[in-house]
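Trainee: Please take a close look at a single part of this structure, the contact between the two chains, and then set it in its surroundings.

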Amino acid sequence: MNWIADFFSTLLSTIKDVLPIAVIIFGFQFLVIRRSINNFPKVMMGFALVILGLSFFLLGLEKALFPVGKLMAEQLTSINSGSSENSFLWVYLFAFSIGASTTIAEPSLIAVALKANQVSGGTISVWGLRIAVAIGVAMGIALGSWRIVSGYPIHWFIITGYMIVVVQTYFAPKLIVPLAYDSGGVTTSTVTVPLVAALGLGLAENIPGRSPLIDGFGLIAFASLFPMITVMAYAQLSQRKSKEQSPDSENQTESTQLKGENS
Amino acid sequence: MKALIKSLTGSVRDLLPIILVIAFFQAAVLQQPLPHVLEILLGALMVVIGLTLFIQGLEMGLFPVGESMAFSFARKGSLFWLLVFSFSLGFGTTVAEPALIAVSAEAAHVAAEGGMIEDSPVAQENYAFGLRMTVAASVGLAILIGVLRILKGWPIQYLIIGGYIAVIVITMFAPKEIIGIAYDSGGVTTSTITVPLVTALGVGLASSIKGRNPMIDGFGLIAFASLTPMIFVMIYGIVL
């Protein structure tokens, strides 16, 4: 069983990642602010839990999910090589669903959603935001895969996407704009990147005339662009629906979500 | 105990979509038996435990520290130290990021093949080190600008849209080999520990300064941190 040895090496590298952050925080705390931290033992316990949790999380991903995900990405892309373009439908569907499901499990997105829920006093629901971001990443990766297959230049998509973002910024509720911008950067983190990169490289290798170096990357750029669009769209939709309804109900977001499911 | 079970089931629910997607494609499309089922289940269990501990630690450690530092800096009223802290936080969390180290080593390799730098290990190492420092400094600068924006109450959209226009303009002048790496470097800078800390810092600052709305002014630091590396990495490619 080499799991235990692997666990300790993952733990060590997580500690190495956290160390510079801890040095900066506690350095400033003691040298500049010169006040002790409230509830210091609890905070230290929290840091220990974060390190321990991340190590478990990364080890589990590396041992189980990444190998399977990568294997599937390779198999799916290779059974399609040489056949007609329609058979790539399964690849696009895989791209969409793997993008959505990995985003739901992304720890940094959970952190931002918890904070946004707390700050907005509950108007932005944790799950509403996470699902909006997940749909954005899913659309981005599906479209990005189609781009690799079709071979259109990446700039067209990215520049068009940013134009949509600019237009939406003027019409979206003001409160959501900074959060929407943030959700672009948050999504490309621990879980999504390795699986998506494997998918992109597999596609580029199996399609004649594509270079893994130029076409294989770039899916990440799609994955961080589309959440901005969907998060703003989510806010626009829930604002419009709550306007239609009586404005005095407390559970506006919940009831609009229910309404959306029924229709 | 009850809370623990609740958060464990929460983590299971977070992971369930991935398992369903993999199971569906394995059974319906690929129609092959899954190798090492036991190992995969064990790994999934570790992911669930890890996610539960992480979220617990988030609420106990990272969020309170980020917020209490923001409050202390706001009370102390020293703009200089707040900005020094912002820059160090951005720089320090990025410079040791494993993803960044991997990307910059790869970039040096590409640059050497493209004839942009001398094809020797020393030249490649120097190039990779320079690139890492560039990205780390640009993230430090991003947090600094983002914090300054919270203090002054500048509207975020002009800064971000201006930044993206700059990205598009610089893309036209940058060497082709560096563009992909530059776009990727924007995504690799924001790690799982940095995001909660920086979010708590921004929200804490915005709620402790009079006249700032934590929703409008508190968020947005991450957006800056994923924008500036693109600009600076392309400039790095142009200058060298």
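Mentor: In this predicted model, 5 residue pairs are in polar contact across the interface of chain A and chain B, both residues of each pair being at pLDDT 80 or more. On the chain A side, at least two residues each come from helix 1 (3-33), helix 2 (40-79), helix 3 (89-104), helix 4 (107-119), helix 5 (126-150), helix 6 (154-171), helix 7 (177-186) and helix 10 of chain A. Helix 2 of chain A gives the largest share of that side, with 24 residues. By residue type, the side of chain A that touches chain B holds 58 nonpolar, 17 polar and 8 charged residues.

The extent of the interface can be given in residues and in area. In residues, 83 of chain A are in contact with 85 of chain B. In area, about 7,600 Å² is buried between chain A and chain B, and carbon and sulfur atoms give 80% of this. Salt bridges between chain A and chain B number 2. A salt bridge joins the side chains of Lys115(A) and Glu67(B), with an N to O distance of 2.2 Å.

The buried residues are Ile178(B), Ile179(B), Ile181(B), Ala182(B), Tyr183(B), Asp184(B), Ser185(B), Gly186(B), Gly187(B) and Val188(B). What do they pack against? From chain A, the partner of the buried residues of helix 7 of chain B is helix 10 (219-244). From chain B itself, the partners are helix 4 (98-113), helix 5 (121-152), helix 6 (156-173) and helix 10 (221-239).

That leaves chain B as a whole. Chain B has 10 helices and 0 strands, so its order of elements from the N terminus reads α-α-α-α-α-α-α-α-α-α by the DSSP runs. Its C-alpha atoms fill a box of roughly 55 × 50 × 30 Å along the principal axes. Of the 240 residues in chain B, 57% are buried. Among contacts in chain B with a separation of 6 or more, 79% are between residues 24 or more positions apart. Chain B exposes about 10,200 Å², and carbon and sulfur atoms supply 70% of that area.

Terms used:
Residues are numbered from 1 along each chain as its sequence is written. Chains are lettered from A and ligands numbered from 1 in the order in which they are written. Side-chain values use heavy atoms; hydrogens and water are left out. Buried means under 20% relative accessible area, exposed over 50%, partly exposed in between (1.4 Å probe, protein chains only). Helices (H or I, at least four residues) and strands (E, at least two) are DSSP runs, numbered from the N terminus. Contact means heavy atoms within 4.5 Å. Buried area is the accessible area (1.4 Å probe) that two parts lose on being put together, summed over both. A salt bridge is a side-chain nitrogen of Lys or Arg within 4 Å of a carboxyl oxygen of Asp or Glu. A polar contact is a pair of N or O atoms within 3.5 Å; within protein, one must be able to donate a hydrogen and the other to accept it, and residues adjacent in sequence count only if both atoms are side-chain atoms. Ala, Val, Leu, Ile, Met, Phe, Trp, Tyr, Cys and Pro count as nonpolar, Asp, Glu, Lys and Arg as charged, and the others, Gly among them, as polar. Accessible areas come from the Shrake-Rupley method with a 1.4 Å probe; for residues, only the protein chains shown count as cover.
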